[in-house]
Amino acid sequence: MADDLPKADDLLNKIDHNNSPPTSWMDTPVNIRKGMYCYASSPKSVKYLGLPNARPWNPLDDDWKLPDNWKEIVFEGLKERLDKFRSFKVFMDICVRCGACADKCHFFIGTGDPKNMPVLRAELLRSVYRNDFTKAGNLLGKIAGARPMTLDVLKEWWYYFFQCTECRRCSVFCPYGIDTAEITIMAREILNLLGLNIDWIATPVANCYRTGNHLGIQPHAFKDMLDFFVEDIEEITGVNCEPQYNKKGADILFITPSGDVFADPGTYTAMGYLLLFQYLKEKYGFDVTWSTYGSEGGNFGFFTSHETMKRLNSKMYAEAKRLGVKWILGGECGHMWRVINQYMDTMNGPADFLEEPVSPITGTRFENAKSTKMVHIAEFTADLIKHNKLELDPVRNDNVIATFHDSCNPARGMGMLDEPRFVLQNVCNNFHEMPPGTIREQTFCCGSGSGLNAGENMELRMAGGLPRANAVKYVHEKYGVNMLTCVCAIDRAVFPPLMEYWVPEVDVSGLHELVGNALIMQGEKKRTTDLRFEPLPGMEDEIDE
Amino acid sequence: MALAELIEQKKKAIINKWYEHVVATYPSDTARFLKKENDQFANPVGTTTMHSLDAVFEGLLNGADIETLSSDLDPVIRIRAVQDFTPSKAVSFIFLLKNVVRECLAKEISKHKNKKEIEKELDVFYTKVDGLCLIGFDIYMKCREQLLSFQANHIKDRTYRLLKKADLLSEVPEVGAENISPNV
């Protein structure tokens, strides 16, 4: 009997260690793996937005319930965009497949899947473009890198274009300046023509379109949440903040991602904003209002289509117009700033009913926001500090050894690199940069941007966030860094699990949370805790039981 | 002891060969990148894997305890636990060490004056590798459970404050803080 049992070596030799598919990439059908994709869009949300082919569907099913003429829709959709966006046409034609971008994508680095090389991801679409829109491709087929559109190709598009965070790190290295994110944007637009969105995008977009923010928090609940923070702030500092809501004729409208209002640790950043505004109001008569209607800086429409992005962006400006403010101050958000800096002016601009932003406190004219009329709060606060307008006690953050994560969109999308660092170094005594090549223009993405910050794709998020976490781990081991500070709400939401998985000793904070800790408020009581109710350095024994 | 001496002479070659085998578990385009790029920030998967294998092999040779072996093995398993590997493929690279050692030392063993002794020591070494694989399996499971807990907490973290504020939660108070009517 025992003789019949296989030998250990026989069993071991049967394990196939080779993960390379036997066929070329073009002929290898997609394997949609759980943990790597987000759930399909809910028909209710798609319908509410008036987008096509709203129906329940499951990416794991063979039948995606596509319209009969889906190939025609893809062809026409591609054609329309090639005509409309010159950049897209150029990006389709000029890639020489040099491979400079290939190993720069965090998803390729982390997952090890070659179809996540930006060049190959783009090639998924380019191959169909060649087949349908170029003579060489049409005549020579595969030899010219062309292939016809099939259901497998469509599924491959869906799977991989929702494994790109549109972070644009690859485009920094492209000698031709091809913006692969733009290719992803076009592919997602075309997928949306067939109702192939993910729900983590579609439902927040629908909520934002209707109620004004991703979760669908109604105005009274939004105000309640902020009042909740006001109570906490009073307990911590003894100062009663008095935020203004929907105030007509206020000087400035403040819009931040709703994540700051309902999700930790973003909430501590919101408390930082409240403290800053109260400080400025008391000292300089600063007149800023929150809006319970313009209650979302994030714009997941950007991850759906240009039209959807435009609709959501216009709501912020409509609210600014309704309230009659002079300009808009924006909170710590990532892609909101890419939308403002790169698209807003063309879509909804110029916002000539607003004034060119000037800080009422320092007189600084924000010329970079001349047309969009919207200033990033990190720029605004950096300017205040530069002009000695804030009293700060950075010792209160001495428990924090910080590093700074450049969020892709403010860094690569608007070039804001030094302002947040200037603020951070003025409110915190311990700061260490991550290695070059992982910060500033070359920053590694959090791995969960562009609407991929769902729960069901956790493997993708952990793999995609590995290069970022790896650099954090380095500064943690070298300098004892214990805080990853950033200026993006998605970062603040996704970094806690990412850190817990790769570098569990490192916590996550927004920039203005640390500003709030350091800011010396008029009439404040002796502070014993930070905004998280954790003891300040040396105050461990003074906390009330 | 004889085996330990042979391994010591070929240590670098064994680790490199083992690394090559591990890298070969990735698609060929990826494997090329993992072998070529030495920058630890540009290639965290390759450099972490190499570092991990190196430390684990050293630990095996020096009789490291389970805790040390586990912490050395963790980084490479942690990576493979989120990549496109079945559970068996994620950890089976550990077994490959057996083949690698035998291949690298084949000539030396065949020529060795005390061949039988070496074979006996090899058996002991193989048993250690089997044990290492079980440690790897524990790490893999821990990682996967962690991923599931993130998924479970995802929605809760996002909405907890809202639910609390809306008075939709009724959490138990501290024991002793409640006034419980005596006739209930």
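Predicted model: local features only at pLDDT ≥ 70, side-chain atom pairs only at ≥ 80, totals over all residues.
1. The largest nonpolar core holds 148 residues. Those with the most contacts inside this core are A:Trp157, A:Met499 and A:Trp502, together with B:Trp18, B:Leu73 and B:Phe93. In soluble globular proteins, nonpolar side chains tend to be buried together.

2. As to where the residues of this core come from, helix H7 of chain B (residues 115-165) gives the largest share, 13 residues. Chain A takes part through two domains: domain 1 (25-197) and domain 2 (205-518) each provide at least three residues of the core.

3. A:Trp157 deserves a separate entry. With neighbours within four places in sequence left aside, A:Trp157 is in contact with A:Val74, A:Leu124, A:Leu125, A:Val128, A:Met149, A:Phe162, A:Ile190 and A:Leu191.

4. Another core, of 79 residues, lies apart from the one described above. Its members include A:Tyr273, A:Leu354, A:Met414 and A:Leu514.

5. The largest pocket has a volume of about 900 Å³. It is lined by 41 residues, of which A:Pro21, A:Asp113, A:Pro114, A:Lys115 and B:Pro27 are the closest to its centre.

6. Three helices each supply at least two residues of the lining of the largest pocket: H6 (118-133) and H8 (151-161) of chain A, and H2 (28-36) of chain B. The largest share, 3 residues, comes from H6 of chain A.

Key. Residues numbered from 1 in each chain as written. Chains lettered and ligands numbered in written order. Heavy atoms only, no water. Core = buried A, V, L, I, M, F, W, Y, C linked by side-chain atoms within 4.5 Å. Buried < 20%, exposed > 50% of the residue type's maximum accessible area, 1.4 Å probe, protein only. Helix = DSSP H or I, 4+ residues; strand = E, 2+ residues; numbered from the N terminus. Domains from an automatic or database assignment. Contact = heavy atoms within 4.5 Å. 1 Å grid on protein atoms, 1.4 Å probe; cavity = no way out; pocket = protein on both sides within 12 Å on 5 of 7 lines; lining within 4 Å. Points joined across faces, edges and corners; volume = space filled by probe spheres on them.
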